[in-house]
Amino acid sequence: MPPSDDEDQKRFADVKEKLPNLAGKIGIVSQFAQGSFGAVADPEDPGASFIYDLGMKFPDKLTDGTVPVDKGRVALSPENVSYLAADFMVIYNRTGSIEEVENTPGYKDLPQVNSGATLAGDEAVVAGLNNPTSLSRAWVLDKTMPTLEKVGK
């Protein structure tokens, strides 16, 4: 039986208490396909709930009109990879390899990549973030906790 909404809210409240420094940090959910990056950019999109329920927010450049948002997402050409600068990131390569993502000029300069606060290459985690249920959010929280701890302690 999946957890109730109350259980889900309590789980996220507990993480925020355990990792109080997550509050106000920048988080991002991204994908890489055909040489370009995509990211959730609408705070009201279901794919944003995980980031926002932990007290984080998206990078300003994704939410302030710098980049057009279409159906809650932005598309970024490789030269704009710096727009993904954050404290925490989950990224999945839909096409190509994770090495192709990592070899994109500027990718290794992202703060979350340098600090080790990036979970890369896990399709199931990104799917769980983009299609949130209380059950998938519990599972994703478990999968991302080691990375979140690097950001929130």
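Colleague: What does the lining of the largest pocket have, by class?

Modeller: This is a predicted model, to start with. The lining of the largest pocket has nine nonpolar residues, seven polar and three charged.

Colleague: What volume does the largest pocket have?

Modeller: About 310 Å³. Its lining counts 19 residues. Closest to the centre are Gln31, Gly38, Ala39, Val74 and Arg94.

Colleague: Which elements give two or more residues to that lining?

Modeller: Strands β1, β2 and β3 do.

Colleague: Okay, strands then. How do β1 and β2 pair, parallel or antiparallel?

Modeller: Antiparallel, over four bridges. β1 covers residues 27–33, and β2 covers residues 36–40.

Colleague: Which residue is the bridge partner of Ser30 in β2?

Modeller: Ala39. On β3, Ala39 has another bridge partner, Val74. Ala39 and Val74 are also among the residues closest to the centre of the largest pocket.

Colleague: How many bridges join β2 to β3?

Modeller: Four, and the two strands run antiparallel. β3 spans residues 73–76.

Colleague: Back to the hairpin of β1 and β2. How many residues sit between the strands?

Modeller: Two. In this hairpin, Gln34 takes a positive phi near 50°.

Colleague: New topic. How many residues has the largest nonpolar core?

Modeller: It has 25. Leu22, Phe50, Leu54, Leu141 and Leu148 have the most contacts inside it.

Colleague: Which elements supply at least two residues each?

Modeller: α1 (5–18), α2 (49–53), β4 (88–93), α6 (123–130) and α7 (134–152). The largest share, five residues, comes from α7.

Colleague: Take Leu54. What is it in contact with, leaving aside neighbours within four places in sequence?

Modeller: Phe12, Val15, Lys16, Leu22, Ala23, Leu141 and Leu148. Of these, Leu22, Leu141 and Leu148 are named with Leu54 among the residues with the most contacts inside the core.

Colleague: What other core lies apart from the largest one?

Modeller: One of 20 residues. Among them are Ile28, Ala39, Val74 and Val101.

Colleague: Last one: Thr104. Where does it lie?

Modeller: In the loop between α4 (98–102) and α5 (111–114).

Colleague: Does Thr104 count as buried or exposed?

Modeller: Buried, because its relative accessibility is 8% and the cut-off is under 20%. Leaving aside neighbours within four places in sequence, Thr104 is in contact with Phe32, Phe37 and Pro78.

Note on methods
Residues are numbered from 1 along each chain as its sequence is written. This is a predicted model: local features need pLDDT of at least 70, side-chain atom pairs count only at pLDDT 80 or more; totals for chains, interfaces and linings use all residues. Side-chain values use heavy atoms; hydrogens and water are left out. Buried means under 20% relative accessible area, exposed over 50%, partly exposed in between (1.4 Å probe, protein chains only). Contact means heavy atoms within 4.5 Å. A nonpolar core is a set of buried Ala, Val, Leu, Ile, Met, Phe, Trp, Tyr and Cys residues joined through side-chain atoms within 4.5 Å. Two strands pair if DSSP finds at least two bridges between them. On a 1 Å grid over the protein atoms alone, a cavity is a set of points where a 1.4 Å probe fits but cannot get out, and a pocket is an open set with protein on both sides within 12 Å along at least five of seven lines; lining residues have an atom within 4 Å of a point. Grid points are joined across faces, edges and corners, and a volume is the space filled by probe spheres set on the points. Ala, Val, Leu, Ile, Met, Phe, Trp, Tyr, Cys and Pro count as nonpolar, Asp, Glu, Lys and Arg as charged, and the others, Gly among them, as polar.
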